[in-house]
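Subject: Structure for you to look at

Hello,

Here is the structure I promised to pass on. Please open it beside this message, and then read on for what turned up.

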Amino acid sequence: MLKEALIGTLCGAVVLTIGILIGHFGIQKNSAPSWVNDVAKDVDEALIQQFLSEVETFQLQENLRELTKVPHMATSPGDEETVKYVLKRWQDPETGLDEAWRQEYEIYLSFPNPTNPNKVTVVNSLDSVLFTVREREVNYTADQNDPQVVQPFAAYSPAGHAKGKLVFANQGKPSDFQHLNGTIDLRGTIAITRYGGEGRGRKAINAAAYGVVGLLVYTDPLDMNDGLMSDTNETYPHSWYLPPTGVERGAYSRDFGDLLTPYLAAKEDTYRIPPEDITGIPPIPTQPIGFQDARTLICALAGEAAPKDWQGGLDCIYNLGGPGFKPTSPFNNSDVKLDIYNEEKIVNSSNVMGVIRGSVEPDRYVIYGNHRDSWVHGAIDPSSGTAVMLEITRVLGRMVKQGKWRPRRSIIFGSWGAEEFGLIGSAEYTEEYFTKLSERTVGYINVDISVFANATLSASAMPSMQSVIFRAAKQVNAPGFDSTSVYDNWIRYTNRTSPTHGIIPRVGYLTGAGSDYAAFVHYLGITSIDMSYTYDRSKTNARIYPAYHTACDTFDYASRFIDPGFVAHQAVGRTAGNILIRLADSLLLPFNCKDYAESLEDYLNTAVNLYQKDLIAKSISMEPLSKAVANFRKEAEQLDKVIQSSDLANETPLKVRKINDQLMLMDRAFLNPLAFPNEYGFRHVIWASSSSGKPTFPGIADAFAQANSSHLASDWKKVHYHLSVVAQAIDGAANMLKEVI
């Protein structure tokens, strides 16, 4: 019995051992649900390399060719063609997105009368016409003959008739009119100003304040053409420079978004304010003209010579005006007359939206946007950006359709409508989805004009995005180089010395409202970037690419003079797409708050140097601001230590989500809806628009400039107010970075 018992025990032990071994080796060690691996997955560097290799210059060229076949001003037949084209691309069964649709708004736009064109003339005392400004530009290519090419006009200029003696008012800044008014009674005059120095919408407002009854605006060849003026051999079609009859169109409005539905999405049944209640648009008839006609008018002006820094590139001395023309001029005792027939309409405009749904965090959005509408053919503005966006979606869409990839977070693509009339499509989108976008959007990438020229990358962004921009730029070859990265090329053209990083490329700040990032940055506080390739500013004084907003901005212009071979388009597509993938796929959002701290410290140092002495004299302390910036630095470094000491791939997903939410929401803490009551849509107290021109906190800078000018006690109180606003916002952002309350 004992023997049998021992044998039985031994056999049982063997069976148990075999069972354990079978259980150990027969069952997969990782028996956790599949989503566990997905949750911990980080960005795939091999996939980024595959993406970079698939962005093709030929595809970019053909995209641009298709997009510029016809003029496509907002809500025009050509615009509808581009809506359908983008939709078709994003709904393609092999390379399209998960879903694409059109998002429509009913918006207030301004157009020239198609049967009664605007006129600018010189008339004598009998109202006989002595000179007529060209109504349209000279055509150099067949596509410029398209009947849909819109006459040059100032959008939102009122219809009306104005007549008076001409004066030259430089750039139309308040200081320019103040200087002019010192020697000339401006009441009842017509002013001619050059582009630059002041937003086009503000020039007419500034003029009207001094009694000016009509405004002309032109592009000076010194500011755009490096002084060149002849289309025989110097300007387009022989080079990139603006030809003499080229005219920059534009929206002459101050605020962004639909003008009749402030802070509301412009849907069909939305409440609208009366048109007469709109502010920030010209109160007087306004019209842009070419520098050929501007020369005829300016070179005939009487009066004393304009200041040296008002002189331009026309081959004559710029006089201020008598007011009016020289006695020796054929226009002696004559007036300039504006007959403006613009008309306003409420029309339907479409955004085209597309989405690739996220696999792990579908409720977190990375948004990539570019506007679609142009003034004429818009090869550079905006179609160079649309061409890049369509190539990015082609490559990523094919990866998704083939089952090779799906992003961690959802990617939303926006082809915005009616940007040229005041960033309308993107602004209405943010107003309609204000809460959802505020709570869920990780970041916004804006690529409007993707290529101004082909020399170097240019980027402006929230400081926390600097590191991911640099990382992406280091992985892309610069156009024309086999072994030089976009980053290394960029640092040669523009750089700065960082206390932390040493010499690095200079990344600008998203101040103002120059493109569709405005509503995302200033209204929603979303971490954003705006990027492009641009020109070597040491070789030209051009304030922007010279064909900007003119009928010369065609496929021919872009392919011959801006980016032959489309290699700069490719570099932008690769860099922007790299950033997009990293924002969408990284386990931890690639934002560096310590870089934000460095920018706040720079702003603080500037403010202290400029204002502290005067503020002490007014018993206003900057100490709360200094402490807030120091507190932000401390919390940014502490959060970085938490990140560096964590093995996030093996942590609970809630910890990763918590840190990501801190990074995502940090910029929201800088929003204050009451800080700038006179500036529509500006709520971000660090990056809001400023009129002071000082590289520091905008509210403080503008309030100080006003107080220092007026010497009023009430204005000094406003300086104190803005110091408190900024200090508490920075403290709020620092608290957002704390691990717990």
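Is T75 buried, partly exposed or exposed? With a relative accessibility of 26%, T75 is partly exposed, because buried would require under 20% and exposed over 50%. Before going further, please note that this is a predicted model.

You will find T75 in the loop between α4 (57-67) and α5 (77-90).

Now go to L423. Phi is positive here too, at about 55°, and L423 is not a glycine either. This residue sits in the loop that runs between β14 (409-416) and α11 (424-432). L423 has a relative accessible area of 6%, so it counts as buried.

**Two cis peptide bonds**

Look next at the bond between G322 and P323. It is cis, with omega about 5°. P323 belongs to the loop between α9 (291-298) and β11 (335-340).

Another cis bond leads from D381 to P382, and its omega is near 10°. P382 lies in the loop between β13 (361-371) and α10 (383-401).

**The open sheet**

Find the open sheet of 4 strands. Read across it, and the order is β6-β7-β8-β10. The pairing is parallel. At the edges are β6 (166-168) and β10 (286-289), and each of them pairs on one side only. On average, neighbouring strands in this sheet are turned by 25° against each other, ignoring direction.

A helix packs on this sheet. It is α7 (residues 200-208), and it touches β7 (190-194), β8 and β10. The direction of α7 makes about 145° with that of β8.

Zoom in on β8 (residues 214-218) and β10. These two run parallel and are joined by 4 bridges.

How many of the 6 residues of β11 are buried? The count is 5, so β11 is largely enclosed by the rest of the structure.

β11 has antiparallel links to β2 and β5. With β2, there are 5 bridges. Within that pairing, V123 has D335 of β11 as its bridge partner. With β5 (residues 160-164), there are 5 bridges. There, A162 stands opposite L338 in β11.

**The cavities**

A search of the whole structure gives 3 cavities of 30 Å³ or more.

Which residues lie nearest the centre of the largest cavity? They are V133, R134, E135, Q287 and P288, out of a lining of 17 residues. By type, that lining divides into 6 nonpolar, 5 polar and 6 charged residues.

β2 (119-123) and β10 each supply at least two residues of the lining of the largest cavity. The largest share comes from β10, with 3 residues. So how does one find such a space? Rolling a probe the size of a water molecule over the atoms shows where empty space is left.

Start with T75, then work down the headings in order.

Best wishes

Technical notes: Residues are numbered from 1 along each chain as its sequence is written. This is a predicted model: local features need pLDDT of at least 70, side-chain atom pairs count only at pLDDT 80 or more; totals for chains, interfaces and linings use all residues. Side-chain values use heavy atoms; hydrogens and water are left out. Two strands pair if DSSP finds at least two bridges between them. Axes are lines fitted to C-alpha atoms, for helices over the stretch in contact, and angles run from 0 to 180 degrees between N-to-C directions. Contact means heavy atoms within 4.5 Å. On a 1 Å grid over the protein atoms alone, a cavity is a set of points where a 1.4 Å probe fits but cannot get out, and a pocket is an open set with protein on both sides within 12 Å along at least five of seven lines; lining residues have an atom within 4 Å of a point. Grid points are joined across faces, edges and corners, and a volume is the space filled by probe spheres set on the points. Ala, Val, Leu, Ile, Met, Phe, Trp, Tyr, Cys and Pro count as nonpolar, Asp, Glu, Lys and Arg as charged, and the others, Gly among them, as polar. Buried means under 20% relative accessible area, exposed over 50%, partly exposed in between (1.4 Å probe, protein chains only).
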